[in-house]
Amino acid sequence: MSALRLSARGPAPSNVDVAVEALEIAKAVYPEATLLLDDIMNQTFNSEFDYVFINPPFSLPWTDELNFYQNAVNGRRITSDIAMVELAVRAVKPGGIIGMVLPVNTFTEKTGQIGRWVRKRATMLACIVLPKDRKEFYF
């Protein structure tokens with residue numbers, strides 16, 4: 001998860017990742033960033049960031065060891081993408097912005113629970129669905 005706090009001194013980027021390489025790249029791009037080598041499942045952020053960006057692994061089975069996730073089911077089990085969506089929503093300040101890279105069915109097929117949970121706490125500004133037949137994308 002990558003996040004930004006805005007302050008009078010400018011943006012203060014933060015990043016949590018399990019991959020050393022990802023943190024090395026982040027440090028090269030943002031030398032002033034706060035970087036943490038850890039599993040995101042060990043973190044519990046609450047209304048700390050102005051911007052949050054996630055590109056989670058999809059549908060990996062996780063166990064909520066911290067009893068933090070409201071969307072965990074069946075003995076604290078939750079999939080990685082649902083956990084990251086919940087963490088992002090909880091980590092951003094009121095009025096903040098979240099950018100997510102997720103499968104198109106995240107808010108429609110997964111029992112609808114996470115979609116209802118997010119809609120109670122946030123407003124979706126945009127959804128960009130990329131075509132399935134494209135292998136390269138240019139912005």
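Phe53 is partly exposed in this predicted model, with a relative accessibility of 38%.

**Aromatic contacts**

- Across the whole structure, the search turns up 3 aromatic pairs.
- One of them joins Phe45 and Phe49 in an edge-to-face arrangement, with 5.3 Å between the ring centres and 70 degrees between the planes.
- Phe45 counts as buried because its relative accessibility is 10%, under the 20% cut-off.
- Phe49 is buried too, with a relative accessible area of 2%.

- Arg90 sits over the face of Phe68, 3.7 Å from the centre of the ring.
- The side chain of Arg90 also meets that of Glu86 in a salt bridge, at 2.8 Å from N to O.
- Glu86 and Arg90 both belong to helix H2 and are 4 residues apart, so about one helical turn separates them.
- Both partners, Glu86 and Arg90, are buried.

**Salt bridges between other parts of the chain**

- The whole structure holds 3 salt bridges according to the search, and the Glu86 and Arg90 contact is a salt bridge.
- Lys93 forms a salt bridge with Asp50, and their closest N and O atoms are 3.7 Å apart.
- Lys93 lies in strand E7 and Asp50 in strand E4 (residues 49-54), so this bridge ties together parts that are 43 residues apart in sequence.
- On the Lys93 side the residue is partly exposed, with a relative accessible area of 29%, whereas Asp50 counts as buried at 18% relative accessibility.
- Glu65 forms a salt bridge with Arg76, where the closest N and O atoms are 3.6 Å apart.
- Glu65 and Arg76 are 11 residues apart, each in the loop between strand E5 (61-63) and strand E6 (77-79).
- Glu65 is exposed, with a relative accessible area of 59%, while Arg76 is partly exposed at 35%.

**The largest pocket**

- How much space lies in the largest pocket? The volume comes to about 1,200 Å³.
- The pocket is lined by 35 residues, and the closest to its centre are Ile98, Met100, Phe107, Met124 and Ala126.
- Which elements each supply at least two residues of the lining? They are helix H2 (80-91), strand E7 (92-100) and helix H3 (113-119).
- Strand E7 provides the largest share of the lining, with 9 residues.
- Sorted by class, the lining has 23 nonpolar, 7 polar and 5 charged residues.

**Where the topics meet**

- Strand E7 holds Lys93, the partner of Asp50 in strand E4, and also gives the largest share of the lining of the largest pocket.
- Helix H2 carries Glu86 and Arg90, and this helix supplies at least two residues of the pocket lining.

Methods:
Residues are numbered from 1 along each chain as its sequence is written. This is a predicted model: local features need pLDDT of at least 70, side-chain atom pairs count only at pLDDT 80 or more; totals for chains, interfaces and linings use all residues. Side-chain values use heavy atoms; hydrogens and water are left out. Rings of Phe, Tyr and Trp (its six-membered ring) pair if their centres lie within 6.5 Å; planes under 30 degrees apart count as stacked, over 60 as edge-to-face and the rest as tilted. Buried means under 20% relative accessible area, exposed over 50%, partly exposed in between (1.4 Å probe, protein chains only). A charge sits over a ring if NZ of Lys or CZ of Arg is within 6 Å of the ring centre and within 35 degrees of the ring normal. On a 1 Å grid over the protein atoms alone, a cavity is a set of points where a 1.4 Å probe fits but cannot get out, and a pocket is an open set with protein on both sides within 12 Å along at least five of seven lines; lining residues have an atom within 4 Å of a point. Grid points are joined across faces, edges and corners, and a volume is the space filled by probe spheres set on the points. Ala, Val, Leu, Ile, Met, Phe, Trp, Tyr, Cys and Pro count as nonpolar, Asp, Glu, Lys and Arg as charged, and the others, Gly among them, as polar. A salt bridge is a side-chain nitrogen of Lys or Arg within 4 Å of a carboxyl oxygen of Asp or Glu.
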